Amino acid sequence: MKSARLLIDQPLPAARNMAIDEALLESANIEGLTTLRFYQWAAPSLSLGYFQKHAERYTHAPSRNIDMVRRSTGGGAIVHHHEWTYSFTTPIVDRTSRHVEQLFWTFHETLVGMLAGAGLTANIYEPAADQNAPPAAEPFLCFLRRARGDILLDGHKIVGSAQRRRQRAVLQHGGILLKKSPHAPELLGIFDLAGDVLAPSVSVDHNTLIDWSSLLGRRLGFDFSTGNISVDEQQRADHIEAEKFTADAWTLRR
Amino acid sequence: MKPEELLYAPTHEWVFLSDGPDGKIATLGVSAFAVEQLSDLVFIDLPEVGQTLKAGASFGEIESVKSVSDLYTPVAGEVLEVNSGLADALDTINDDPHGAGWLIKIKVSDDAGLANLLDFAAYQKQCQEAQ
């Protein structure tokens, strides 16, 4: 088992969250470090997929006034409110390798297992044979889109993930939708869909995330230990936040 | 262009070298193998004509349904031409990655990176080992 770092952060502003993930991607790319990070957002925030046009946000009235950031990962926009986000950064040998794509499945299969342990039967979306190609016009929100590997509960997408692949490292982002947000009222989360299966006292706390990291570690061959972001990474995140994720040149680039 | 006649970067870009009036010109694209692995391309972002690129630097990005991947140039130089029509016709990359799906043409300023390129047989071997 290789050693790897587990970070469970306090809620941070949108640009800071993205800057830390990019600093961690650099650590994977340059130093070969593997990090699994769980975090939430200090205020309800909208993250655009890397290739989305920022003006599209005005087509979605419930989220048009919340903070916005552009991710470096692809896919649709996400309203980060009642949810957990994860990032996984790890070195890779070849960005076209099946091992890289397999990361999606490992994360999602283990999470389906966790949900089953809580009494919830979620499934991994598999499109029909003639529906593999993405439609010409995708919905603005990621959780209204369907792609192979997404986790569905009662037909609703509750988990989606996307990757940024560099030459020697990958960043995988994922969102776990817990509850409906007034900024995306069309989306239901796990607790909205669970009915009476989950007791009101149940929550997704740090212990739940540590349990998931243990399952992931066994599948991926990592021994995750709780750690911290280094001073060097914090400084790099400062720079990335200022130069990229708070800059209009990045956020409004499309 | 025939795949056997191209050179390949370990990062899956192909290179075709030709002689221009002021030196070598490198045409770059993404290998058929990489296109197949990335699958279902949805967006591409390429540099502007005139931009100067360093060897090994990212010159663009390509998005498939689940991932955004950086594209890397193995040679340094100035971007002479960009296949700008690809953005609205990504199927071209799927249909003809080694021909009409070319990405950019570079006026090579430093050919040191050419020494690291693989011929078709060596590249095929790398692809098999990577999986």
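1. E63(B) sits in strand β6 of chain B; strands are DSSP runs of E with at least two residues, helices are runs of H or I with at least four, and both are numbered from the N terminus. The residue E63(B) is buried, at 4% relative accessible area, where buried means under 20%, exposed over 50% and partly exposed in between (1.4 Å probe, protein chains only). The model is predicted: local features need pLDDT of at least 70 and side-chain atom pairs count only at pLDDT 80 or more, while totals for chains, interfaces and linings use all residues. Residues are numbered from 1 along each chain as its sequence is written, chains are lettered from A and ligands numbered from 1 in the order in which they are written, and side-chain values use heavy atoms, with hydrogens and water left out.

2. The side chain of E63(B) reaches across to the backbone nitrogen of G75(A) at 2.8 Å. Leaving aside neighbours within four places in sequence, its contacts (heavy atoms within 4.5 Å) include F51(A), G74(A) and G75(A) in chain A, and D40(B), L41(B) and V68(B) in chain B. E63(B) and I44(B) are 19 residues apart in sequence, with 6.2 Å between their C-alpha atoms.

3. E61(B) is found in strand β6 of chain B as well. It counts as buried because its relative accessible area is 11%. Its side chain makes a polar contact with the side chain of R164(A) at 2.8 Å. Such a contact is a pair of N or O atoms within 3.5 Å; within protein, one must be able to donate a hydrogen and the other to accept it, and residues adjacent in sequence count only if both atoms are side-chain atoms. Beyond four places in sequence, E61(B) touches residues including Y50(A), F51(A) and R164(A), and D45(B) and D70(B) on its own chain.

4. The contact between the chains takes 25 residues from chain B and 28 residues from chain A. The buried area is about 2,200 Å², with 46% from carbon and sulfur atoms; this is the accessible area (1.4 Å probe) that two parts lose on being put together, summed over both.

5. Between chain B and chain A, 16 residue pairs are in polar contact, both at pLDDT 80 or more. On the side of chain B that touches chain A, the elements giving two or more residues are α1 (32–38), β4 (41–45), β6 (58–64), β7 (67–72) and α3 (120–130). The largest share of that side, 6 residues, is from β7(B).

6. The rule finds 6 salt bridges across the interface, each a side-chain nitrogen of Lys or Arg within 4 Å of a carboxyl oxygen of Asp or Glu. D45(B) and R254(A) meet in a salt bridge through their side chains, at 3.2 Å from N to O.

7. The largest nonpolar core has 34 residues, and those with the most contacts inside it are L36(A), F38(A), F88(A) and I190(A). A core here is a set of buried Ala, Val, Leu, Ile, Met, Phe, Trp, Tyr and Cys residues joined through side-chain atoms within 4.5 Å. Helix α2 (residues 98–117) of chain A gives the most to this core, with 6 residues. A second, separate core has 27 residues, including A9(B), F59(B), L86(B) and L90(B).

8. M1(A) lies in the segment before β1 (2–8) of chain A. This residue counts as exposed because its relative accessibility is 69%. M1(A) is 216 residues from G217(A) in sequence and 8.3 Å from it in space, C-alpha to C-alpha.
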